[in-house]
Amino acid sequence: GIDRVYLSVNPDDPLHFSPQLVRAVVARLDPTFWENPGYNLKELQNPQPQTIAERLANDLLLWNEPPSSNRAMRMRILAAQLVKEYGRTKILEWYLNSAYFGHLAFGAESASQLYFEKSARDLSLSESALLAVLLETPALNPIDAPGAILESQRLFLAEMAQKELITTEDFSAA
């Protein structure tokens with residue numbers, strides 16, 4: 001029952017994702033996102049997506065193919081082509097607008113409305129970290145498993161502080 005709204009990664013666009021969300025998702029799912037070619041060479045035969053571009057190709061282009069080594073290679077080739085053709089910013093934007101966050105919430109805006117009753121434009125660091133963790137385990141969401149998701153969120157925020165992606169003050173506030 002939540003209207004789908006397409007948001008941009010560009011903070012100059014009036015309808016944009018919170019920069020905190022962008023930072024948290026990249027830190028959680030693909031720390032080398034802004035430098036990598038869209039695929040992970042070390043994991044060529046792994047059927048699980050390793051990068052955000054691979055996740056996008058997997059979820060939107062290959063969703064109906066059964067896992068196999070051929071599918072894994074196709075996913076990585078498609079991820080490389082997507083990055084080359086459209087660029088990293090567009091890949092991240094498409095991913096954030098289509099990813100599954102549990103409870104039939106597709107896209108970060110829908111998830112933000114469902115779990116926090118506010119736009120993904122206005123997410124705090126703490127809320128952004130929670131959504132970033134949800135991308136890996138959508139079944140552990142605030143509705144079905146509040147304790148588990150809050151613990152995962154806390155651990156992720158601690159990891160961000162340890163890697164100096166956020167300050168200790170930011171960690172304490174979150």
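Helix α5 is followed by Glu 117, whose phi is positive, near 55°. Helices here are DSSP runs of H or I with at least four residues, numbered from the N terminus, as are strands (E, at least two). The model is predicted, and local features need pLDDT of at least 70, side-chain atom pairs count only at pLDDT 80 or more, and totals for chains, interfaces and linings use all residues. Residues are numbered from 1 along each chain as its sequence is written, and side-chain values use heavy atoms, with hydrogens and water left out.

Positive phi values turn up in two further places. His 103, in the loop between α4 and α5, has a phi near 50°, a positive value in a residue other than glycine. With a relative accessibility of 38%, His 103 is partly exposed; on this scale buried means under 20% relative accessible area, exposed over 50%, and partly exposed in between, with a 1.4 Å probe and protein chains only. Glu 164 likewise has a positive phi in a residue other than glycine, near 60°. This glutamate sits in the loop between α7 (146-162) and α8 (168-173), and at a relative accessible area of 69% Glu 164 is exposed.

Back in α5, the buried residues are Ala 108, Glu 109, Ser 110, Ala 111, Ser 112 and Tyr 115. Their cover includes α1, α4 and α6. Helix α1 has its own buried set, made up of Leu 21, Val 22, Ala 24, Val 25, Val 26, Ala 27 and Leu 29. What covers these residues of α1 includes α2, α4, α5, α6 and α7, where contact means heavy atoms within 4.5 Å.

Helix packing comes next. Two packed helices are described by the angle between their axes and the distance between the axes. Helix α1 (residues 19-29) packs with α4 at an angle of about 95°, the axes being 12 Å apart. The pair therefore counts as roughly perpendicular. Axes are lines fitted to C-alpha atoms, for helices over the stretch in contact, and angles run from 0 to 180 degrees between N-to-C directions. Angles under 35 degrees count as roughly parallel, over 145 as roughly antiparallel, 65 to 115 as roughly perpendicular and the rest as oblique. On the α1 side, Val 22, Val 25, Val 26 and Leu 29 meet Leu 92, Tyr 95 and Leu 96 of α4. By class, this contact of α1 with α4 has seven nonpolar, no polar and no charged residues. In this grouping Ala, Val, Leu, Ile, Met, Phe, Trp, Tyr, Cys and Pro are nonpolar, Asp, Glu, Lys and Arg are charged, and the others, Gly among them, are polar.

Helix α4 (residues 88-98) also packs with α2 (residues 52-61), at an angle of about 50° and with the axes 9 Å apart. That makes α2 oblique to α4. The crossing of α2 and α4 is left-handed, a term used if the near helix is turned anticlockwise from the far one by less than a right angle, whereas clockwise gives right-handed. Here Ile 52, Ala 53, Arg 55, Leu 56, Asp 59 and Leu 60 in α2 meet Ile 91, Leu 92, Trp 94, Tyr 95 and Ser 98 in α4. The residues of this contact divide into eight nonpolar, one polar and two charged.

Lys 90 is another residue of α4, partly exposed at a relative accessible area of 32%. Its side chain is joined to that of Glu 93 by a polar contact of 3.1 Å. A polar contact is a pair of N or O atoms within 3.5 Å; within protein, one must be able to donate a hydrogen and the other to accept it, and residues adjacent in sequence count only if both atoms are side-chain atoms. Lys 90 and Val 9 are 81 residues apart in sequence, while their C-alpha atoms are 7.9 Å apart in space.

The passage from α5 to α6 brings in Leu 123, which lies in the loop between α5 (108-116) and α6. Leu 123 is buried, at 5% relative accessibility. Leaving aside residues up to four places away in sequence, Leu 123 touches Ser 18, Gln 20, Leu 21, Ser 112, Phe 116, Lys 118, Ser 128 and Leu 131. Ser 128 itself is found in helix α6 (residues 125-134) and is buried, at 0% relative accessibility. The side chain of Ser 128 reaches the backbone oxygen of Ser 124 at 2.8 Å.
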